[in-house]
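The following exercises concern a single protein chain. Please examine the sequence and the structure before reading each solution.

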Amino acid sequence: EAGQEEASRLAEQPDEPLRGPMAGRIGPEVAQIMQALRTIALTGRPQQREAAQEALAELRRRLYQILAE
């Protein structure tokens, strides 16, 4: 549910540009991920939404691991 709420909230907000030295390189990837999340939130089956939430949690952990290296 939290993932659905967040995806809905983000879908209603205007896009905020990414800033910083990597913005141009990761911006398109982030946009594609957000579109996939929106699609899952709006049309996905419960199992798909749960799998997406697990994938996001894993991605978040991995990104913090990268920062810790």
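**Exercise 1.** Determine whether I66 is buried, partly exposed or exposed.

*Solution.* The model is a predicted one. Step one: the relative accessibility of I66 is 42%. Step two: a buried residue lies under 20% and an exposed one over 50%, with partly exposed in between. Step three: I66 is therefore classed as partly exposed, because its value is 42%.

**Exercise 2.** State where I66 is located and which surface patch includes it.

*Solution.* Step one: I66 belongs to helix α3, which spans residues 46–68. Step two: together with I33, L56, L59 and L63, I66 forms a nonpolar patch on the surface. Step three: the accessible area of these residues together is about 380 Å². Step four: helix α3 contributes the largest share of the patch, namely four residues.

**Exercise 3.** Describe the secondary structure and the surface of the protein chain.

*Solution.* Step one: the chain has three helices and zero strands, in the order α-α-α along the sequence. Step two: of its 69 residues, 12% are buried. Step three: the chain exposes about 5,900 Å², of which carbon and sulfur atoms supply 56%.

**Exercise 4.** Identify which elements have the lowest and the highest mean pLDDT.

*Solution.* Step one: the average pLDDT of the chain is 82, and 68% of the residues score at least 70. Step two: helix α1 (residues 2–12) has the lowest mean among the elements, 60, whereas α3 has the highest, 95. Step three: where pLDDT is low, predicted coordinates should not be read in detail.

Notes. Residues numbered from 1 in each chain as written. Predicted model: local features only at pLDDT ≥ 70, side-chain atom pairs only at ≥ 80, totals over all residues. Heavy atoms only, no water. Patch = residues over 30% accessible without salt bridge, like charges linked within 9 Å, V, L, I, M, F, W, Y side chains within 5 Å. Areas by Shrake-Rupley, 256 points an atom, 1.4 Å probe, with all protein chains shown as cover. Salt bridge = Lys/Arg side-chain N within 4 Å of Asp/Glu carboxyl O. Helix = DSSP H or I, 4+ residues; strand = E, 2+ residues; numbered from the N terminus. Buried < 20%, exposed > 50% of the residue type's maximum accessible area, 1.4 Å probe, protein only. pLDDT = per-residue confidence, 0-100.
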